[in-house]
Amino acid sequence: MTAKEEFKLFCEQNEVDLFTSYWWWTNVIENNWDVITYKKGNQVLACFPFHFRKKLGVSAIIPPVLTPYQGIAIAKQPGAKMDKQISHIRKVQEAIIDQIPNNSLFIRQFRVNDHYLLPFYWNDYELKVRYTYLLGTEKSENELFSSLKDTLRKEINKAKNSLHYSISDDVNNLFLLKQKNHKINSEPIAYNLEYLNKICQLIPLQKAQLMEIKEDNTVIAALLVTWDHTQMYYTCGAVDPKYKNSGALSWLLWEALLKAKKLQVTFNFEGSMIKPIERYFASFGGTPTPFIEARKISTKVLEPLLKKF
């Protein structure tokens, strides 16, 4: 059995999050990925899928686009005491680190619940704290709405009075809106329409939803969210630059929160270290939550190349 076949079997037998699942890596990432497994005897106890690229002669292990977290899928140990759990996680991480292929650049963003990463630190990986916003949806709808910033509530109500909300299965409009925004900012998009369509394969599996806001018959904002058994993720969203003050995106995020509430999962804004975006996400009333990025660069000379990956 190959490592990828072991990974598939592990995911069938264990509850894993969306971005560490065999489905995500085979259907969305599809190419340029492999997986490291940790076994005890013939039993697979952990899996570490990773994405690799080679550019300008530099080999890199980096996050795939629109894949915010790349944790280690570890089989649960029900009833194990904390010291036993930590000991097990330590052994898993040490074994996986030993098997990571040679590379010049390594970047990996771990999940918010991956608190213990000391083996990476001991092996000279730099551990950086990043932030996302998590919003629990246990409150009533009225309580959730009251938790929003006053200006945000006014934005949403304004949008509801003049615009139209709908659910879609056609991601073309979202991609066109992304193109408009990136053109204004003179930035290339890190993915293409085909890549978004791969993610949208989750829609018929009831693991994703694509929402749109229209003015008359024109789509002015769109949002794609995905989810697993614990969290819903802000995967991709955009608003027409001409309608950035319309409240359209805020309304879409509010509808996403209501969907998360229905599913009884936490909403993950996927965070941003960019101040204006962070402030916007904070206005929804979530909790700033740290997660860890591990990185190792073989030489400082390569740092200017980071953006090229």
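Biologist: Which residues line the largest cavity?

Modeller: In this predicted model, Trp25, Phe50, His51, Ile61, Ile62, Pro63, Pro64, Gln70, Ile107 and Arg108 line the largest cavity. The elements that give two or more residues to this lining are β2 (43–55) and β5 (105–109).

Biologist: Why is the contact of Glu6 and Lys39 called a salt bridge?

Modeller: The rule asks for a side-chain nitrogen of Lys or Arg within 4 Å of a carboxyl oxygen of Asp or Glu. For Glu6 and Lys39 the N to O value is 2.8 Å, so the pair is a salt bridge. Glu6 is in helix α1 (residues 3–13) and Lys39 in strand β1, 33 residues apart, and the pair links distant parts of the chain.

Biologist: What separates Asp150 and Arg153 along helix α6?

Modeller: Asp150 and Arg153 are separated by about one helical turn, because they are three residues apart in helix α6 (residues 150–162). Their closest N and O atoms are 2.7 Å apart, and the two form a salt bridge. Asp150, at 47% relative accessibility, counts as partly exposed, and Arg153, at 22%, also counts as partly exposed.

Biologist: Where do Asp240 and Lys180 lie?

Modeller: The side chains of Asp240 and Lys180 meet in a salt bridge at 2.8 Å, N to O. Asp240 lies in the loop between β10 (231–239) and α9 (248–263), and Lys180 in helix α7 (residues 172–184), so the pair ties together parts that are 60 residues apart in sequence. Asp240 has a relative accessible area of 4% and is buried, whereas Lys180, at 40%, counts as partly exposed.

Biologist: How many salt bridges does the structure hold?

Modeller: The structure holds 10 salt bridges. Asp17, Arg111 and Asp114 are linked in a network of salt bridges.

Biologist: Which residues form a nonpolar patch on the surface?

Modeller: Leu118, Tyr121 and Trp122 form such a patch, with about 350 Å² of accessible area together. Tyr121 is found in helix α4 (residues 118–122).

Biologist: Why is Tyr121 called exposed?

Modeller: Exposed means over 50% relative accessible area. Tyr121 has 53%, so Tyr121 counts as exposed.

Biologist: What value does phi take in Asn32, and what value in Leu66?

Modeller: Phi of Asn32 is near 55 degrees, a positive value in a residue other than glycine. Leu66 is not a glycine, and has a positive phi of about 55 degrees. Asn32 lies in the loop between α2 (22–29) and β1 (33–40), and Leu66 in the loop between β3 (58–61) and β4 (73–74).

Biologist: Is Leu66 buried or exposed?

Modeller: Leu66 has 19% relative accessibility, which is under 20%, so Leu66 counts as buried. Asn32 has a relative accessible area of 42% and is partly exposed.

How values were computed:
Residues are numbered from 1 along each chain as its sequence is written. This is a predicted model: local features need pLDDT of at least 70, side-chain atom pairs count only at pLDDT 80 or more; totals for chains, interfaces and linings use all residues. Side-chain values use heavy atoms; hydrogens and water are left out. Helices (H or I, at least four residues) and strands (E, at least two) are DSSP runs, numbered from the N terminus. Buried means under 20% relative accessible area, exposed over 50%, partly exposed in between (1.4 Å probe, protein chains only). Patches are made of residues with over 30% relative accessible area and no salt bridge: like charges are joined within 9 Å, nonpolar side chains (Val, Leu, Ile, Met, Phe, Trp, Tyr) within 5 Å. Accessible areas come from the Shrake-Rupley method with a 1.4 Å probe; for residues, only the protein chains shown count as cover. On a 1 Å grid over the protein atoms alone, a cavity is a set of points where a 1.4 Å probe fits but cannot get out, and a pocket is an open set with protein on both sides within 12 Å along at least five of seven lines; lining residues have an atom within 4 Å of a point.
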